[in-house]
Amino acid sequence: MKKPGFGFWLALIGIVIIIIGIIGIGKLSGFYNSEAHLTAATDSGKPKVEAPDFYVYDTDGNKVSLSSLRDGRKAVINFWVSWEEDCITGLESCEAAYKEFGDDVLFMMVDLPNDGRETEDMAKALIKNKGWTLPFYFDTDNEVSQYYDVTGLPSTYILNSDGTFYGFTQGSLETDALIDAIKNAN
């Protein structure tokens, strides 16, 4: 029987490194994606991770920060684009949750207009067409998505009232699951 060659061992080592990296990132961050199911950081027994502060622009072009808006409330931060169907489904769930909680929870729907296909005008047209009442913001400086390591859309983060991460999901989230997660956050 022929022994595996150098290329085989190199490929095997590469696969092992990738798997270790994926597991390590999830463990270090304290929250991770679980096939579009919200995974709570508190469920894992890991230390709390504080959400990075950031600046975005509101629909009127004013620069605002997460910390200036949060004011001790729980928060839902959703990253989205107008051309992705899952993002629209996720925003529908966020709209329903916003109607339930109102201003008791900070909702920040952050559009990513610099992804190469998205523009602020496209997003504003969709918001108007759908009649959404959620607070919308724009990451026009393309920084927030990097702070939050947004690699897929939609991505939704839920923050506890102390500004630490409660949970995260990538993909659209059912309305009931989102409402339950907001209720369960501290």
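**Figure 1. An aromatic cluster in the predicted model.** F54, F79, Y148, Y157, F165 and F168 make up one aromatic cluster. This is a predicted model, in which local features need pLDDT of at least 70, side-chain atom pairs count only at pLDDT 80 or more, and totals for chains, interfaces and linings use all residues. Residues are numbered from 1 along each chain as its sequence is written, and side-chain values use heavy atoms, with hydrogens and water left out. Rings of Phe, Tyr and Trp (for Trp, its six-membered ring) pair if their centres lie within 6.5 Å; planes under 30 degrees apart count as stacked, over 60 as edge-to-face and the rest as tilted.

**Figure 2. The ring pair of W80 and F136.** In the whole structure, a search finds 10 aromatic pairs. In one of them, the ring centres of W80 and F136 are 5.6 Å apart and the planes are at 70 degrees, so this pair is edge-to-face. W80 belongs to strand β4 (residues 74-80) and F136 to strand β6, so the contact ties together parts that are 56 residues apart in sequence. Helices (H or I, at least four residues) and strands (E, at least two) are DSSP runs, numbered from the N terminus. W80 is buried, with a relative accessible area of 0%, and F136 is buried at 5%. Buried means under 20% relative accessible area, exposed means over 50%, and partly exposed lies in between (1.4 Å probe, protein chains only).

**Figure 3. The ring pair of Y157 and F168.** Y157 and F168 form a tilted aromatic pair, with 4.7 Å from centre to centre and 40 degrees between the planes. Y157 lies in strand β7 (residues 155-159) and F168 in strand β8 (residues 165-170), 11 residues apart. Y157 counts as buried at 2% relative accessibility, and F168 is buried with a relative accessible area of 10%. Both Y157 and F168 are members of the aromatic cluster of Figure 1.

**Figure 4. Charges over rings.** The charged end of R117 sits over the ring of W83, 3.4 Å from its centre. K63 lies over the face of Y55, at 5.1 Å from the ring centre. A charge sits over a ring if NZ of Lys or CZ of Arg is within 6 Å of the ring centre and within 35 degrees of the ring normal.

**Figure 5. Strand β2 and its partners.** Strand β2 (residues 55-58) pairs with strand β3 (residues 63-65) in the antiparallel sense, over three bridges. Two strands pair if DSSP finds at least two bridges between them. Y57 stands opposite K63 in β3. The two strands form a hairpin with four residues between them, and G61 in the turn has a positive phi of about 90 degrees. β2 is also joined to strand β6 (residues 136-138) by two bridges, and these strands run antiparallel. Here D58 stands opposite Y137 in β6.

**Figure 6. Strand β5 and its neighbours.** Seven of the seven residues of strand β5 (residues 105-111) are buried, so this strand is largely enclosed by the rest of the structure. V105, F107, M109 and D111 point one way from β5, while L106, M108 and V110 point the other way. β4 and β5 pair in the parallel sense over seven bridges, and the bridge partner of A75 in β5 is L106. Between β4 and β5 the chain passes through helix α3 (residues 85-101), and this β-α-β crossover is right-handed. Right-handed means that, with the strands pointing away from the viewer, the path from the first strand over the helix to the second runs clockwise. β5 also runs parallel to β6, joined by three bridges, and V110 stands opposite Y137 in β6.

Figure 7. A search of the whole structure finds five salt bridges. A salt bridge is a side-chain nitrogen of Lys or Arg within 4 Å of a carboxyl oxygen of Asp or Glu. In one, E92 meets K130, with the closest N and O atoms 3.9 Å apart. E92 lies in helix α3 and K130 in helix α4 (residues 120-130), so this pair ties together parts that are 38 residues apart in sequence. E92 is partly exposed at 36% relative accessible area, and K130 is partly exposed at 39%. K99 and E95 also meet in a salt bridge (3.9 Å, N to O); both lie in helix α3, four residues apart, about one turn of the helix. K99 is exposed, with a relative accessible area of 63%, whereas E95 is buried at 4%.
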